[in-house]
Amino acid sequence: MNPDFLVVGAGVAGLRAAIELAPHGRVLVVAKDSLGESSSAYAQGGIAAALSDDDNIELHEHDTLIAGDGLCDPAAVRTLVEDAPAAIYELIDWGAEFDREGARLMFAREGAHSRSRVLHAHGDSTGREIARTLYIKAASLESVEFRSYASVTDLLVGPDGVSGVVVFDGDRTATIEAQAVLLATGGLGRVYLETTNPDVATGDGIALGWHAGAEIRDVEFVQFHPTALHVEGAPRFLLSEALRGEGAVLRNVAGDRFMDRYDERGELAPRDIVSRSIVAEMAKTGAPHVFLDLTHLNPEHVRERFPRIYSTCLQYGVDISRDQIPVHPAAHYAMGGVSTDLDGRATIPGLYAAGEVACTGVHGANRLASNSLLEGLVFGARAGRVMRDERRVRTGGESPQHLFPVMKEMAVRKLAWTACGILRDGAGLKDAIEQLSGTPMQGLDSTTRVDYEVRNMHVVAGLIARAGLARRESRGGHYRTDYPERSPDFQKHSILRQGREATFA
């Protein structure tokens, strides 16, 4: 039986929307992997909210706007920070266990925050705790159903907008109709060779929206986390901003602390600055990484404060309480995505988006640390409320023809890393566009989930390159060596639409 509401993705945004929708009809949450495999569950750093005695909403708003480097939508930021306290207390009511000092919530400081306002759970497993809480709440609701290991490959689009999806479960494809569809598919980090994101983060939602004709906004702004574990044979495991908030410092291979040479805020500068500084230092020294150093901190405190990071690094031969940790930047978060309003409406009727896949303008050109989980909560709830109020009669629709790139997965990821990575230039972006546009497309007689994912990665890499070439300046997560300064001419959002050149508004 077809549901009333269909949610694509089982991370924080999708689960929060499902909870909101549950009293108003049948809700189906579709995940292409296990229900626990999402970027939300990998989020270590925390969730920001102005709840401490020395903090307020205006300060949280100010810090978010500054981090966004002139491109935040002020209304979106205001919505985020105003809704944050209630969203946190709601989670606590549902059973979320945030770290405390006695009975009081414990707040940490992270990069570019002017106050200690970041909540953590179990030290460094905040995303996992929030996702756990939301899943238990959603699963307790009779009208919410889950379907795992089902990849959404296309949206059904008719004259009246989106009316459902096509899903692939490994053996066959099937259509599911719904009165409203929410994309909550998370990020695009796997488009890049180096990423902290899980394997499922292949930009599916952006590609789905693009194929259906939705507007894509600010997709050139990709945040590269400065400190990912860089050990041969190990995954690019994220080493939380909170480590530097606790006093960890960055050193080059000669043992010299270098961040003060690049920014007066040192290790607590915004992520884009820290990432570029690390790349510059590696270029100077010829080394494949730099080191994150916590050895001057109390070892017992380090192990207790960061249990998950400690145990994971130990598996790969690094004791973070005693050893300097080899680190290298990696793709981490997309500020842009499917263009939506503040209630999750995309530019096609019947289609909504929330969380990292969406672009409300809340992050501007560079996300403030620990605003991502909060974004999923706040805008997932808002999207759910609007979906229930704007439900439509199903009108039927068709899916686009399935076409797949011949370019292999690693070729796409290497191209994205070199041409659309931390440092970009016009020549490299043009070359990427040519390679991605010129790659022969073919229909396949039989397909796998990987085929769909590579198709999506191919599309998303091309969109990043197109928007990056059009933005002839450097701002936030987008840095061009041939246009290294910000330009007032580009203090606008990039907009990509099918059949048109990139525009700015």
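Residues are numbered from 1 along each chain as its sequence is written. In this predicted model, local features require pLDDT of at least 70 and side-chain atom pairs pLDDT 80 or more, whereas totals for chains, interfaces and linings use all residues; side-chain values rest on heavy atoms, without hydrogens and water.

The protein chain comprises 14 helices and 24 strands, taken as DSSP runs (helices H or I, at least four residues; strands E, at least two) numbered from the N terminus. Its C-alpha trace spans about 65 × 55 × 45 Å along the principal axes. Of the 505 residues, 61% are buried (under 20% relative accessible area, with exposed over 50% and partly exposed in between; 1.4 Å probe, protein chains only).

Three cavities of 30 Å³ or more are present, and the largest cavity holds about 50 Å³ of space. A cavity is a set of points on a 1 Å grid over the protein atoms alone where a 1.4 Å probe fits but cannot get out, and lining residues have an atom within 4 Å of a point; points are joined across faces, edges and corners, and the volume is the space filled by probe spheres set on them. The lining of the largest cavity includes Val 222, Phe 224, Asp 272 and Arg 276. β14 (222–229) and α8 (271–285) are the elements that each give two or more residues to this lining.

Ser 148 lies in the loop between β8 (144–147) and β9 (151–158) and is partly exposed, at 33% relative accessible area. Beyond residues up to four places away in sequence, Ser 148 touches Ala 31, Asp 33, Ser 34 and Leu 35 (contact: heavy atoms within 4.5 Å).

Note on methods:
On a 1 Å grid over the protein atoms alone, a cavity is a set of points where a 1.4 Å probe fits but cannot get out, and a pocket is an open set with protein on both sides within 12 Å along at least five of seven lines; lining residues have an atom within 4 Å of a point.
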